[in-house]
Amino acid sequence: MAPPFLLPLSECRELSLVGGKALGLHRLIAAGFPVPQGLCITTAAYAQHLGESGFQDQDEWHRIIGFSEPNQVPALADCRARIDQTKISTLTTDCLTALQALEQPPERRWAIRSSATAEDAAQASSAGLYRTHLGLTLAEIESAIKDLWASLWEMRVVSYLAKGCPSSTPRMAVVIQPMIHAQAAGVAYSIHPVTRRRSQVMINAVPGLAAPLVDGTVTPDQYVVDVSGEEKAGQIRTRLVARKTDCLLVSNRGLRRASLDETAQHQSTLTDTQLLSLAHRAKAIERAFGQPADIEWAFDTRQLWILQARPITAIQPSADLTNDDCEWSRTNFKETLPEVPSPLSLSFLEQFMDRYIVEHYRRLGCRIPDGLTSVRILQGRPYLNVTLFHMLVAQLGGDPSLNAEQMGGEPLHSPPEVDRLGGRASLRAAWLMLKEMRRVERTGPRVFAEMKALAVRYRREAVLNLSPKELLAELDKLGPWLESREITFGIAGGVGQCLQILSKLLPGWLGPDWRVLLNAALQGQGTVISAQQILRLAELTDIAKKESLAQTILTSASWDPTTFRTALTGTEFLRMFDRYLEDYGHRGVGESDVMSSRLADNPIAILSILRAQIISGAVSQDTIQLRQGHRQTSALAEIKQRMGWRLDRWAIFFWCYRRLCRFFSLREANRHHLMYYSAATRVLLIRLGERLVEQGLLQQADDIFFLTTADRVDLVAGGTQDWKTVIAARRTERERHAAIEVPDTIHDWTAASQQTTTRDHAGENSILAGLPISIGTVTGPVRLIRSVADWGRVMPGEILVVPVIDPGLAPLFGLAGGLIAEMGGTLSHGAIIAREYGLPTIANVEGAITRLSDGQVVTLDAGSGTIRIGPSPSSRHI
């Protein structure tokens with residue numbers, strides 16, 4: 001029986017007869033997807049009608065393929081002219097009869113699309129090679145059929161197909177469907193075309209019909225939706241909304257352009273519901289096709305329609321994450337670095353993280369996808385790859401959901417699927433980790449003493465006479481010196497191990513408030529060196545109160561801080577103040593950046609705090625210690641009581657608790673002494689900068705902080721680069737970055753890199769919420785702390801509001817009544833200090849700096865993690 005000339009789309013099963021597009025539509029219909037009804041004019045009709053006119057398509061194709069390109073062009077033009085003369089009136093009549101049987105309204109407009117045998121194939125999609133006609137009347141269909149037949153005989157088609165399969169002769173079928181009155185339309189890729197992630201669907205959308213998008217004449221809205229599993233709702237990762245001035249619509253009179261009003265120009269083309277529905281439909285089509293698909297779709301006022309689906313041929317799916325797949329946070333970095341770190345510190349940070357943190361995980365056997373980094377920079381700010389550390393903790397069998405609580409920041413929105421290390425590999429990793437933890441406990445005190453000695457060795461007077469090359473040589477020694485003494489990873493492992501165990505056991509043993517009890521039990525250890533400086537300041541306050549000369553000078557209304565050394569000469573207070581600076585003067589705000597100034601550089605800031613404590617009659621050192629000890633004792637007693645007769649539970653808890661206290665102490669001691677290393681580096685760098693200014697290579701000494709390690713070597717070696725110009729440009733860029741607000745957490749790097757974040761908290765309620773860090777309830781006025789310049793304004797009992805709990809803020813804790821931070825976690829250095837001191841503290845309070853203002857009264861309840869704007873009748877001061 002002769003093959004049919006016309007077929008309903010639902011019966012288009014044979015590629016050679018109906019072409020790729022019609023076959024794809026048949027597969028969609030068979031799988032139950034919503035496809036506009038229509039019909040296909042088969043390749044049999046094409047071959048038969050051309051043959052009857054004397055045009056033998058197979059002979060002509062092979063003849064033209066054998067020509068050189070200059071000869072192919074006129075030969076193809078002749079073929080198109082001959083096709084245009086072909087008589088197809090009978091075919092057209094039959095076609096119109098079949099279309100009328102579809103029971104569409106007489107004024108319906110039609111879409112006429114190509115369906116070549118080489119189109120939408122798994123090996124080659126032929127996307128965009130052939131023509132499409134939209135918005136036609138029934139009377140215009142005959143000419144459109146012949147035009148689509150002729151579009152097979154274009155030079156671009158011959159060039160494309162000849163490379164892939166020169167011996168095969170393509171034939172053209174035609175698909176005819178009623179036009180959808182699209183409110184929105186576009187293209188969806190069931191696999192991300194850039195990252196190649198199968199869990200991500202990329203969607204391009206425009207208002208109205210998709211023709212301008214497909215033609216590349218408009219910029220569409222672009223979305224990326226995470227669809228990790230068939231049953232999951234999915235999540236919109238990216239939403240890049242383009243400005244759209246008009247759209248293409250179809251009506252009973254054909255196609256027309258319609259202008260969009262100002263509001264619609266900036267609106268998202270699709271709603272969240274439509275996006276999620278479309279993304280799941282795209283993944284369902286991928287499953288039906290057995291491979292990723294490129295899908296054309298449209299929403300009318302009633303539903304989603306699938307207009308076409310073709311295999312994606314040029315993209316091989318990747319199971320590995322890329323940096324763009326990951327989520328990023330400023331947590332941890334924001335705590336110890338300035339808002340915009342120096343270029344030198346950024347270059348060192350990336351090296352430090354890879355060498356001293358990530359490399360340890362590699363040694364433990366963790367798999368890290370190629371190209372994945374731990375640090376990324378946006379607008380001059382470093383971000384931590386929290387997805388990577390989720391993967392590393394999960395591979396080792398830990399609970400990565402605790403990462404956000406311990407480090408600060410938001411929980412992952414899209415946690416990746418992670419395979420845990422196998423049994424033997426897990427045992428090996430556990431043994432290596434235990435070995436590393438024992439090493440740091442054993443060697444920590446020696447390392448700390450050597451770091452402190454390093455700062456003495458490189459005191460300023462010892463390096464004044466060194467030449468630039470000698471200074472550079474000393475700086476080069478510091479890297480290998482630290483390599484053999486770095487113990488950060490082992491300490492972090494010890495803290496993490498204890499908290500992982502306690503977080504699994506204590507909820508069942510103590511109840512839902514287990515975190516509050518544990519935080520209280522961690523107060524008043526007396527071994528956290530960073531918190532000890534608060535007691536040292538209280539001791540200085542006590543000394544000044546007992547020493548009449550010191551008290552008189554420090555409380556005088558005519559106090560002149562610039563003459564304090566002369567005025568206080570010979571006093572016990574000055575002697576002890578200098579000892580305090582010897583022990584803590586190398587610390588500072590943003591201290592992980594060697595460019596940041598240290599407390600010893602500006603002792604007046606500390607004196608202003610001491611003066612405020614003396615005038616206000618702040619509590620004594622003994623009172624502080626008694627208060628901390630009481631809270632610790634009460635919390636431990638409560639924990640023991642709740643465990644009742646289960647002495648085994650108490651033994652397990654107390655072992656973990658004591659171990660956690662040791663590693664907390666080690667963690668802060670490590671930071672404290674690493675800052676001696678940083679201080680030594682800073683002294684050498686500043687002196688090198690001064691020397692290079694003398695040689696005319698730099699404009700000012702702190703220009704040295706705007707050079708990376710590699711830049712510094714090139715400069716001293718006599719490189720020809722104009723470093724003054726380079727540094728001036730970097731300073732300008734840093735100032736520009738500082739003026740830009742960036743998000744603390746990035747779920748989609750591409751979207752974040754194309755826009756800045758602004759916060760609008762208008763209309764929000766009077767209760768803020770965050771993560772409890774150190775228990776207690778307090779009511780008091782707010783004091784915003786943005787820089788050291790704000791320290792002198794702090795009054796006793798005020799509740800400090802800070803971007804992060806920078807450990808350099810510790811001197812203020814003795815004055816403060818409470819602490820609110822926009823970012824931070826239970827394991828941050830500042831959190832450990834606040835908890836040790838017993839300062840009621842809540843972190844991860846989004847927008848706190850923006851929503852609160854100086855003098856505004858708030859009630860901070862660090863047990864529940866809430867801040868009520870305005871006093872609470874039931875609150876009490878602590």
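Across which strands does helix α6 lie? Helix α6 (residues 141-151) lies across β2, β3, β4 and β5. Its run makes about 140 degrees with β5.

1. Basis. This is a predicted model, in which local features need pLDDT of at least 70, side-chain atom pairs count only at pLDDT 80 or more, and totals for chains, interfaces and linings use all residues. Residues are numbered from 1 along each chain as its sequence is written, and side-chain values use heavy atoms, with hydrogens and water left out.

2. Antiparallel sheet. Five strands form an open sheet in the order β1-β2-β5-β3-β4, with antiparallel pairing. Strands here are DSSP runs of E, at least two residues long, and helices are runs of H or I, at least four; numbering starts at the N terminus. Two strands pair if DSSP finds at least two bridges between them. β1 (6-8) and β4 (132-136) stand at the edges with a single partner strand each, so one side of each has no neighbour in the sheet. The twist averages 25 degrees from one strand to the next.

3. Inside that sheet. β3 (residues 110-116) and β5 (residues 172-178) pair in the antiparallel sense over seven bridges. Ala116 stands opposite Met172 in β5. Helix α1 (residues 15-30) packs on the sheet and touches β1, β2 (39-41), β3 and β5. Its direction makes about 120 degrees with that of β3. Axes are lines fitted to C-alpha atoms, for helices over the stretch in contact; angles run from 0 to 180 degrees between N-to-C directions.

4. Mixed sheet. Eight strands form an open sheet in the order β18-β25-β24-β20-β21-β22-β23-β19, and the pairing is mixed. The edges are β18 (767-769) and β19 (771-774); each has a single partner strand, so one side of each is left without a neighbour in the sheet. Here the twist averages 30 degrees from strand to strand. β21 (residues 799-804) and β22 (residues 818-823) pair in the parallel sense over five bridges. Val802 stands opposite Ala821 in β22.

5. Nonpolar core. The largest one has 157 residues. Such a core is a set of buried Ala, Val, Leu, Ile, Met, Phe, Trp, Tyr and Cys residues joined through side-chain atoms within 4.5 Å. Leu506, Phe573, Phe577, Phe653, Trp791 and Phe813 have the most contacts inside it. Helix α26 (residues 647-694) gives the most to this core, with 19 residues. Beyond its neighbours within four places in sequence, Leu506 is in contact (heavy atoms within 4.5 Å) with Gly511, Trp514, Leu518, Met643 and Phe653.

6. Helix α19. This helix (residues 514-521) is mostly covered, with six of its eight residues buried. Buried means under 20% relative accessible area, exposed over 50%, partly exposed in between (1.4 Å probe, protein chains only). The buried residues are Trp514, Leu517, Leu518, Asn519, Ala520 and Ala521.

7. Helix pair. α20 (residues 529-546) and α21 (residues 548-555) pack at an angle of about 105 degrees, with axes 5 Å apart. That makes α20 roughly perpendicular to α21; the class covers 65 to 115 degrees, with under 35 roughly parallel, over 145 roughly antiparallel and the rest oblique. Ala544, Lys545 and Lys546 of α20 meet Ser548, Ala550, Gln551 and Leu554 of α21.

8. Ala429. This residue is in helix α15 (residues 423-457). At 4% relative accessibility, Ala429 counts as buried. Leaving aside neighbours within four places in sequence, Ala429 is in contact with Leu364, Leu396 and Leu421. Ala429 and Arg362 are 67 residues apart in sequence and 10.0 Å apart in space, C-alpha to C-alpha.
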